[in-house]
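Please look over the sequence and the model first.

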Amino acid sequence: MPIFHRPSLACLSIALLAAASQPALSAPAAGQLLASQCAQCHGTNGAGPGFDSIAGKDDLYHELLEMKYRSHIEGIMDRQARGYTDYQLRLISDYLSAQSGGGGDD
Ligand code: HEC
């Protein structure tokens with residue numbers, strides 16, 4: 001039994017060390033990853049070129065919720081918004097609102 005304990009503890013500590021060093025290779029924030037889907041139509045970080053610029057826009061979250069929960073689909077954005085959970089829309093909005101190049105507050 002002790003023979004098995006040592007190697008497995010060694011493996012565990014290597015695994016923990018590997019996990020602890022992950023931040024050096026950290027992935028982009030969730031909001032940035034989710035918002036990359038918007039870039040094909042609104043430009044990188046929502047700042048155009050493309051359709052309406054959405055970078056730096058105030059209250060993006062409520063606008064997206066309105067699109068998502070509209071009872072009938074009026075346009076392309078209603079379909080886009082329906083593809084995300086409210087929480088994902090919040091992450092996307094927080095990320096895009098903090099970007100410059102912006103669409104102002106309309
Ligand atoms: C397939 C293309 C496409 C994608 C992808 C897309 N949009 Fe749009 N979006 C549009 C178009 C086109 C409009 C212009 C209004 C309309 O036609 O519905 C628009 C309008 C908007 C508006 C309203 C802008 C304003 O000034 O009122 C917001 C906000 C918005 N999009 C956010 C997003 C977000 C956030 C994403 C990613 C989750 C996204 N869009 C992904 C095409 C797209």
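In which helix is the place of Leu89? Leu89 belongs to helix α6.

## Model and conventions

This is a predicted model, in which local features need pLDDT of at least 70, side-chain atom pairs count only at pLDDT 80 or more, and totals for chains, interfaces and linings use all residues. Residues are numbered from 1 along each chain as its sequence is written, and side-chain values use heavy atoms, with hydrogens and water left out.

## Overall fold

The chain has 6 helices and 0 strands. From the N terminus, the order of elements reads α-α-α-α-α-α. Helices (H or I, at least four residues) and strands (E, at least two) are DSSP runs, numbered from the N terminus.

The chain holds 106 residues, and 24% of them are buried. Buried means under 20% relative accessible area, exposed means over 50%, and partly exposed lies in between (1.4 Å probe, protein chains only).

Leu89 counts as buried because its relative accessible area is 2%. Tyr61 is placed in helix α4. Tyr61 is also buried, because its relative accessibility is 13%.

Leu89 and Tyr61 are 28 residues apart along the chain, yet their C-alpha atoms are separated by 6.3 Å. A second pair involves Tyr61 and Tyr87. These two are 26 residues apart in sequence and 9.6 Å apart in space, C-alpha to C-alpha.

## The largest pocket

Rolling a probe the size of a water molecule over the atoms shows where empty space is left. The largest pocket holds about 450 Å³ of space. On a 1 Å grid over the protein atoms alone, a pocket is an open set of points where a 1.4 Å probe fits, with protein on both sides within 12 Å along at least five of seven lines; lining residues have an atom within 4 Å of a point. Points are joined across faces, edges and corners, and the volume is the space filled by probe spheres set on them.

The largest pocket is lined by 24 residues, and the closest to its centre are His42, Ile54, Leu64, Met67 and Met77. Two or more lining residues come from each of α3 (39–42), α4 (60–69), α5 (76–81) and α6 (86–97). By class, the lining has 14 nonpolar, 6 polar and 4 charged residues. Here Ala, Val, Leu, Ile, Met, Phe, Trp, Tyr, Cys and Pro count as nonpolar, Asp, Glu, Lys and Arg as charged, and the others, Gly among them, as polar.

## The ligand

Helix α4 gives the most, with 4 residues.

There are 19 residues around the ligand, and Cys38, Cys41, His42, Glu63 and Met77 come nearest (near means a heavy atom within 4 Å). The shell has 12 nonpolar, 4 polar and 3 charged residues.

An N or O atom in the side chain of His42 is 2.7 Å from a ligand nitrogen. For Glu63, a polar side-chain atom lies 2.9 Å from a ligand oxygen. A polar contact is a pair of N or O atoms within 3.5 Å.

## The loop between α3 and α4

Most residues other than glycine have a negative phi, and most peptide bonds are trans. Gly48 and Pro49 are joined by a cis peptide bond, with omega about 0°. Pro49 lies in the loop between α3 and α4.

Asn45 is found in the loop between α3 and α4. Asn45 is not a glycine, but has a positive phi of about 55°. Asn45 counts as partly exposed because its relative accessibility is 27%. Asp59 is in the loop between α3 and α4, and its phi is positive, near 55°.

Methods
A polar contact is a pair of N or O atoms within 3.5 Å; within protein, one must be able to donate a hydrogen and the other to accept it, and residues adjacent in sequence count only if both atoms are side-chain atoms.
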